[in-house]
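Subject: Structure to look at

Hi,

Here is the structure I promised to pass on. Have a look at it first, and then read my notes below.

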Amino acid sequence: MALPVGQQAKYWGIATAIFLVALWFLGDVILPFVLGGAIAYCLDPIADRLERAGTSRVAAVAIITLVAILIFVLLILLVIPTLVEQTASLIDTAPELFDRLRNGLTERFPQLLDDQSAVYKQLLAIGETIQSKGGELVNGIVSSALGLINILVLIVIVPVVAVYMLLDWDNMTAKIDDMLPRDHVETIRGLAREIDATLASFIRGQGTVCLVLGTYYAVALMLAGLNFGLIVGFIAGLITFIPYVGALVGGVLAVGLALFQFWGSVEVVDGETASYATNWLRIGIVAGIFGLGQFLEGNILTPKLVGGSVGLHPVWLLFALSVFGTLFGFVGMLVAVPIAAVIGVVARWGLSQYKDSLLYRGQTGGE
């Protein structure tokens with residue numbers, strides 16, 4: 001005799017509550033395991049292809065691990081030192097940038113910005129705050145023993161968890177399948193396949209888009225002569241998966257830095273005024289780089305790599321990131337996309353069940 005629907009709903013509700021409570025209390029602890037599982041999920045198709053090519057699972061995982069180590073070493077040697085250096089330089093240069101903004105506004109709108117005005121004081125406070133807080137952040141990351149321990153834990157544990165989960169991925173999924181309720185196994189399998197298709201399209205596809213756009217922005221901005229082009233490209237590529245936010249933040253940051261770097265200025269040296277013309281071409285090139293990036297993302301990268309049937313509406317994705325980020329911190333943001341995909345798939349399935357029911361169709365529809 002099947003378990004009543006009310007009892008099933010109670011048990012699944014209890015399981016969901018336990019999951020949320022565990023996520024609430026163990027967020028920082030399970031972070032390496034969440035990251036490791038995400039990496040294993042993304043790399044499993046590559047391991048499956050290597051297996052179909054004739055290698056064993058162990059050999060496939062070994063090949064993937066060696067390639068990942070090689071890429072990581074290259075990043076350590078070539079990219080990360082420059083990224084850290086540009087980040088520190090940007091934090092140190094922030095007060096100077098705000099000084100130039102204040103001086104430019106003072107020159108053009110002297111009636112708005114005198115020494116006693118609120119706007120003048122606010123701009124001065126912003127520059128000093130960015131420098132002090134940025135310095136505190138960098139010093140805290142470097143000097144804090146706990147911060148170093150957490151970084152080392154992530155560096156050590158995440159790859160180990162990813163390798164072991166990738167090695168045993170098929171066995172884990174088979175055991176989970178064996179534990180499914182037999183009365184609903186086909187329904188759950190169908191939902192799981194749809195969830196997997198959604199996640200594969202979004203996480204793997206959008207991750208590739210972020211990597212491609214981040215590399216493009218960083219290289220193009222550095223070739224255009226923009227200071228801090230690498231860090232701007234890194235930030236823009238990193239948050240590209242958030243609809244519109246990546247392009248907006250990266251574009252505003254890049255164009256703002258270009259204005260500060262290439263805008264004409266007036267200096268007084270030994271009583272003589274020296275003026276420098278605004279380099280509109282350089283500013284236009286920086287803006288054009290982001291315009292071209294948005295064209296490539298919207299018309300080529302996203303349609304080809306992500307596809308149009310992901311099923312995650314931008315508003316729903318932003319809502320999920322906001323809610324889970326607020327409730328569970330950084331770990332919540334990591335699990336927001338998978339959980340949003342699960343809720344979306346289950347909601348669409350529930351809607352289809354509702355439309356097939358007498359509650360929707362009524363007696364006339366049934367006839």
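Let's start with a pair of helices: helix 7 and helix 8 are roughly antiparallel to each other (angles under 35 degrees count as roughly parallel, over 145 as roughly antiparallel, 65 to 115 as roughly perpendicular and the rest as oblique). Before going on, keep in mind that this is a predicted model, where local features need pLDDT of at least 70 and side-chain atom pairs count only at pLDDT 80 or more, while totals for chains, interfaces and linings use all residues. Residues are numbered from 1 along each chain as its sequence is written, and side-chain values use heavy atoms, with hydrogens and water left out.

Helices here are DSSP runs (H or I, at least four residues), numbered from the N terminus. The axes of helix 7 and helix 8 (residues 229-238) cross at roughly 160° and come within 7 Å. Those axes are lines fitted to C-alpha atoms over the stretch in contact, with angles running from 0 to 180 degrees between N-to-C directions.

Which residues of helix 7 and helix 8 make the contact? On helix 7 they are C210, G214, Y217, A218, L221 and M222, and on helix 8 they are G229, L230, V232, G233, A236 and G237 (contact means heavy atoms within 4.5 Å). By class, that makes eight nonpolar, four polar and no charged residues. Ala, Val, Leu, Ile, Met, Phe, Trp, Tyr, Cys and Pro count as nonpolar, Asp, Glu, Lys and Arg as charged, and the others, Gly among them, as polar.

Now for the charges. How many salt bridges does a search of the whole structure find? It finds seven, a salt bridge being a side-chain nitrogen of Lys or Arg within 4 Å of a carboxyl oxygen of Asp or Glu.

D170 sits in helix 6 (residues 169-178) and R57 in helix 3 (residues 57-108), so the pair links distant parts of the chain, 113 residues apart. R57 is buried at 11% relative accessible area, whereas D170 is partly exposed at 36% (buried means under 20%, exposed over 50%, partly exposed in between, with a 1.4 Å probe and protein chains only). D44, D48, E51, R57 and D170 are linked in a network of salt bridges.

Cheers

Note on methods. Helices (H or I, at least four residues) and strands (E, at least two) are DSSP runs, numbered from the N terminus.
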